[in-house]
Amino acid sequence: MLAAQKQAEIIHNVSGALDKYESKLSEINLKIWSNPELSFRENSAHDNICELFESLGDGYKVNRKAYGIETAFEVIHSHGQGGRTVAFNAEYDALPGMGHACGHNLIATSSIAAFLATCETMRSLYSDGIGYSVRLLGTPAEEGGGGKLLLIDAGAYKDVDACFMVHPFPVLPGASDLLSASCCTGLYLANDKVKVTFTGKPAHASAAPWKGINALDAVVSAYVNISMLRQQILPTQKIHGVISRGGDRPNVIPASATVEYYIRSETAKTLKPLTERVLKCFEAAAIATGCTVEYEWEASYKDMKSNKPICDSYVSAMNAMGHKTIFDAAQQAGGLSGGSTDMGNVSYEVPGFHGGFFIHADGVNHTPQFTAGAGSEDGFKRSLQCAAGMAVVACRALVDASFATAIKSDFEKSLEL
């Protein structure tokens with residue numbers, strides 16, 4: 001564990017940096033929240049964040065449209081030769097019709113803040129004799145499209161020794177007294193996403209229905225098959241979908257119909273056989289109705305492998321700053337599991353931390369009520385508290401060789417599971 005005196009010194013410098021930039025951070029947070037943009041269309045968020053760092057100067061290298069992705073960016077601060085690299089992920093895409101109902105404005109703000117605080121602290125305390133690099137990655141399209149998967153393929157996480165981000169949630173039952181919660185193990189499931197189109201044959205629904213092949217019947221059959229399958233799956237597994245197209249008119253046998261499904265399981269390893277079972281439900285529906293079936297897959301998200309040494313250090317740092325923090329918010333709230341994130345894929349590539357923090361909101365994530373909470377001053381303040389915790393741990397990862405070794409060892413063991 002980092003010596004208490006040294007941790008206190010780092011905390012002091014991190015807090016000073018956040019105070020220094022608070023007004024700019026508040027401004028960028030409001031800009032993102034008040035102008036919600038959908039996946040791969042986050043042009044204003046991209047430009048506003050890049051302009052912020054271009055205006056700061058101070059040795060920040062800004063790469064717009066990074067790695068060939070139109071709304072991704074990368075900001076780098078490096079010192080000396082060699083050394084370790086830490087990265088922070090900034091998300092900033094919104095949801096259709098309800099804006100930042102998952103609080104990605106706060107995710108971006110906390111990562112920007114943690115990046116600034118880490119850079120300022122390292123410059124202040126470790127300006128001589130140590131090489132290091134700090135990276136801020138703008139990661140678009142978490143809500144759809146898997147922007148981090150594209151960044152992984154393009155090499156954005158190459159040589160990264162630890163990667164950080166935090167995510168806001170509503171205050172959960174059993175954890176109402178907590179300002180933040182780290183890691184949220186159990187909250188992030190592996191996720192396959194598929195659009196399934198059944199194709200039949202049109203006919204007049206009244207005059208000659210026997211001449212048609214009903215694609216809507218295939219959709220209904222698949223829906224019922226999957227509903228029956230749910231009884232036979234694990235409590236940690238989820239299957240949910242919508243009928244996105246069921247036909248055009250009641251008097252025409254639907255020649256084409258489409259469903260969209262999300263399939264989730266505790267790990268990427270257990271997701272594969274579950275997805276195979278769901279595919280049999282679609283195939284059976286096609287056979288029973290005489291339709292053909294086609295699949296269109298979206299980016300597959302893996303489960304989140306939370307790095308225990310990073311989590312332990314974050315909990316220690318947050319509690320040292322007076323922000324009551326627990327290791328596992330999901331366990332505190334009764335074993336809650338549910339969402340998925342492309343940060344899970346990152347955690348299979350490099351040691352990862354995806355902490356959580358509670359904000360006051362009248363609704364859960366992906367509701368208009370949560371959008372209001374994500375735009376509140378309370379939400380902004382709590383994002384900065386978590387930014388401070390991430391920055392303290394990031395500094396430690398850069399300067400403490402034994403801590404860095406523990407991070408790497410835990411990561412390598414997690415890949416064996």
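Me: How do the axes of helix α3 and helix α11 cross, and within what distance do they come?
Reply: In this predicted model, the axes of α3 (residues 104-125) and α11 (residues 377-399) come within 7 Å and cross at roughly 40°. The two helices are therefore oblique to each other.

Me: Is that crossing left-handed or right-handed?
Reply: The crossing of α3 and α11 is right-handed.

Me: Which residues of α3 and α11 meet there?
Reply: On the α3 side, the residues are Leu 106, Thr 109, Ser 110, Ser 111, Ala 113, Ala 114, Ala 117, Thr 118, Thr 121 and Met 122. They meet Gly 379, Phe 380, Ser 383, Leu 384, Ala 387, Met 390, Ala 391, Ala 394, Cys 395, Leu 398 and Val 399 of α11. Sorted by class, this contact of α3 with α11 has 14 nonpolar, 7 polar and no charged residues.

Me: How many residues of α3 are buried?
Reply: Of the 22 residues in α3, 19 are buried, so the helix is mostly covered.

Me: And what span should α3 have at 1.5 Å a residue?
Reply: The 22 residues should span 32 Å. The end C-alpha atoms of α3 are 31 Å apart, which agrees with that expectation.

Me: Back to α11. How does it sit against α12, and at what angle do the axes cross?
Reply: The axes of α11 and helix α12 (residues 401-414) come within 6 Å and cross at roughly 100°. That angle makes α11 roughly perpendicular to α12. The contact is formed by Val 393, Arg 396, Ala 397 and Val 399 of α11, together with Ala 401, Phe 403, Ala 404 and Ile 407 of α12. Its residues divide into 7 nonpolar, no polar and 1 charged.

Me: Another pair, then: at what angle do α5 and α6 pack?
Reply: Helix α5 (residues 215-229) and helix α6 (residues 268-289) pack at an angle of about 145°, and their axes are 8 Å apart. The crossing of α5 and α6 is right-handed.

Me: Which residues make up the meeting of α5 and α6?
Reply: From α5 come Asp 217, Ala 218, Ser 221, Ala 222, Asn 225, Ile 226 and Leu 229. From α6 come Arg 277, Val 278, Cys 281, Phe 282, Ala 284, Ala 285 and Thr 289. This contact of α5 with α6 comprises 9 nonpolar, 3 polar and 2 charged residues.

Me: Now the loops. Where is His 100?
Reply: His 100 is placed in the loop between β3 (84-90) and α3. The residue is buried, with a relative accessible area of 1%.

Me: What is His 100 in contact with, leaving aside neighbours within four places in sequence?
Reply: The partners of His 100 are Ile 32, Trp 33, Pro 36, Tyr 92, Asp 93, Ala 94, Asn 105, Phe 370, Thr 371 and Ala 374.

Me: What about Gln 237: buried or exposed?
Reply: Gln 237 is buried, with a relative accessible area of 10%. Its place is in the loop between α5 and β8 (238-245). Not counting residues up to four places away in sequence, Gln 237 touches Arg 264, Ser 265, Thr 270 and Leu 274. Gln 237 and Thr 267 are 30 residues apart in sequence and 9.6 Å apart in space, C-alpha to C-alpha.

Me: Backbone angles next. What is the phi of Phe 40?
Reply: Phe 40 has a positive phi of about 65°, although it is not a glycine. Most residues other than glycine have a negative phi. Phe 40 lies in the loop between α1 (4-34) and α2 (43-56), and is partly exposed at 34% relative accessible area.

Me: And the phi of His 366?
Reply: His 366 has a positive phi of about 70° and is likewise not a glycine. This residue is in the loop between β12 (352-359) and α10 (368-374). With a relative accessible area of 39%, His 366 is partly exposed.

Me: Last one: where is Thr 258 found?
Reply: Thr 258 is found in strand β9 (residues 256-265) and counts as buried at 4% relative accessibility. Beyond residues up to four places away in sequence, Thr 258 touches Lys 195, Val 196, Thr 197, Val 219, Val 242, Ile 243, Ser 244 and Arg 245.

Key. Residues numbered from 1 in each chain as written. Predicted model: local features only at pLDDT ≥ 70, side-chain atom pairs only at ≥ 80, totals over all residues. Heavy atoms only, no water. Axes fitted to C-alpha atoms, helices over the stretch in contact; angles between N-to-C directions. Helix = DSSP H or I, 4+ residues; strand = E, 2+ residues; numbered from the N terminus. Parallel < 35°, antiparallel > 145°, perpendicular 65-115°, else oblique. Left-handed = near helix turned anticlockwise from the far one by under 90°. Contact = heavy atoms within 4.5 Å. Nonpolar A, V, L, I, M, F, W, Y, C, P; charged D, E, K, R; others polar. Buried < 20%, exposed > 50% of the residue type's maximum accessible area, 1.4 Å probe, protein only. Expected span 1.5 Å × (residues − 1).
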